[in-house]
Amino acid sequence: MNKKDKKKFKRKNIRLKNIEIDNLNEFEDDEVVEDKRATHKTSKKGKKSTKSDLDLKEARVIEVLSNNKCKVKFDNEVLECVISGRLKHVTHKTRTIIAVGDIVNIDIANENRIEEILPRKNSLSRFTEDSFQKEVILAANVDQVVITGSFFEPDLNLGLIDRYLCVANIFDITAIICINKIDLAYEEIIEELDFYKQNGYKVIFTSIKTGQGISELKNQLQNCETVFSGASGVGKSSLINLLQPGLNLRVSEVSDYSGKGMHTTTSARLIEWNFGGFLVDTPGIRSFTLHSKFKNIIPDLFPGFDRYLGGCKFLDCTHTHEIKCGVKEAVEKGLYSEEHYESYLRIMESL
Ligand SMILES: Nc1nc2c(ncn2[C@@H]2O[C@H](COP(=O)(O)OP(=O)(O)OP(=O)(O)O)[C@@H](O)[C@H]2O)c(=O)[nH]1
Ligand SMILES: [Mg+2]
Ligand SMILES: [Zn+2]
């Protein structure tokens, strides 16, 4: 194959529309396709056939086992797949090659090799804390995120919920708040969640001990593709086990010493509900790091700010140092919660 043909071939075959590639030509030819399986010479004249000759089947990623392996659901069967080396080179902005929830094309005849990741409808992502700020996708192709918290062990973390809501707004994913362990809550702490209800979010209180809120949560999950996310130990896996007995997901006591979860769930997993829909159970996270590129949009989409933006003199008001700011005025007048305004300032400072 001469150089020009190779370039043409490359463009036709790399179809990772969901991963940002600045300039395809920067990739060395041998990095992209040196794999003989990718192109079969079919005649002595040099006429070639490409991937289109492979018998590719569409499947859904249900668990990522390593950088090389994952499990997919295909035709009601769970298959272990390898990830084509070709897909692994295009990752300078993301740490995630393949995410739970991805729809992929696999070559059943060849070790169930994943040859293509179809464009993602959306994804819920966090970013690494180091200066590279690489994307880590928690789940792909979902309708909603259930932000989970608990009243005790671990304590309610409103700052983390606010971050999640920003992320959901950024990625345009419907957010529902589920606060578990209501059997351990007291009145004042429940009132702290009124803020979210007043700002249009659905808040569901649940308990696996009393069964409170379980049917409401089930209604919310039925026939939807949901990602369950939140801190470790809040009871995500316990809730899922209660919603679908028989799954037997691992759960652990929260550490007596720190009151924090034990990080029992270690990798994300897509579960199919027997009452319709899918859910991604994810490992608990301590903090949710946002990318600094979002700094200029968070002032517009922080929970509850929308109704006060009209009072800001500047269109690009950051609601921090500006004179004549609708948000700051609302805080001063007691119309907007001081606690959540401070949570906003902490997020802005962290970026
Ligand atoms: N009192 C009370 N305890 C609960 C409730 N739900 C879960 N727990 C307990 O909380 C602990 C942690 O539950 P898990 O389901 O493992 O929590 P998780 O959110 O999946 O944690 P990670 O997998 O580490 O992210 C277990 O000991 C559960 O028994 C609840 O509604 N009330
Ligand atoms: Mg868990
Ligand atoms: Zn402002």
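Of the 351 residues in this chain, 52% count as buried. The model you are looking at is a predicted one, so please read every distance and area below as computed from that prediction.

**The chain as a whole**

The chain is built with ten helices and 15 strands. Its accessible surface comes to about 18200 Å², and carbon and sulfur atoms own 47% of that area. If you look at contacts with a separation of 6 or more, 62% of them are between residues 24 or more positions apart.

Leaving aside residues up to four places away in sequence, L158 touches E192, L193, Y196, E339 and H340. There is also S343 to look at: L158 and S343 are 185 residues apart in sequence, yet their C-alpha atoms are 8.1 Å apart in space.

**Salt bridges**

Side chains of opposite charge can pair when their charged atoms come close. How many salt bridges does the count come to? The count comes to eight salt bridges. Three of them are set out here.

| Salt bridge | Closest N and O atoms |
|---|---|
| K57 with D55 | 3.5 Å |
| R86 with E115 | 3.3 Å |
| R113 with E111 | 3.2 Å |

Each of these pairs qualifies because the rule asks for a side-chain nitrogen of Lys or Arg within 4 Å of a carboxyl oxygen of Asp or Glu.

Let us begin with R86 and E115, whose closest N and O atoms are 3.3 Å apart. This pair links distant parts of the chain: R86 sits in the loop between strand 5 (77-83) and strand 6 (103-107), while E115 belongs to strand 7 (residues 113-117), 29 residues apart. Are R86 and E115 buried or exposed? Both R86 and E115 are buried.

R113 is buried, at a relative accessible area of 4%, whereas E111 is exposed, at 53%. Salt bridges that share partners join R86, E111, R113 and E115 into one network.

In the K57 and D55 bridge, where the closest N and O atoms are 3.5 Å apart, K57 counts as partly exposed because its relative accessibility is 29%, between the 20% and 50% cut-offs.

**Around ligand 1**

Now for the ligand. There are 22 residues around ligand 1, and those that come nearest are I208, S232, S238, T264 and T265. By class, this shell has five nonpolar, twelve polar and five charged residues. Which helix gives the largest share of the shell around ligand 1? The largest share, three residues, comes from helix 7 (residues 236-243).

A polar side-chain atom of S232 lies 2.6 Å from an oxygen atom of ligand 1. For I208, a backbone N or O atom is 2.8 Å from an oxygen atom of the ligand.

Definitions and conventions:
Residues numbered from 1 in each chain as written. Chains lettered and ligands numbered in written order. Predicted model: local features only at pLDDT ≥ 70, side-chain atom pairs only at ≥ 80, totals over all residues. Heavy atoms only, no water. Buried < 20%, exposed > 50% of the residue type's maximum accessible area, 1.4 Å probe, protein only. Helix = DSSP H or I, 4+ residues; strand = E, 2+ residues; numbered from the N terminus. Near = heavy atom within 4 Å. Polar contact = N/O pair within 3.5 Å; in protein donor to acceptor, adjacent residues only side chain to side chain. Nonpolar A, V, L, I, M, F, W, Y, C, P; charged D, E, K, R; others polar. Contact = heavy atoms within 4.5 Å. Areas by Shrake-Rupley, 256 points an atom, 1.4 Å probe, with all protein chains shown as cover.
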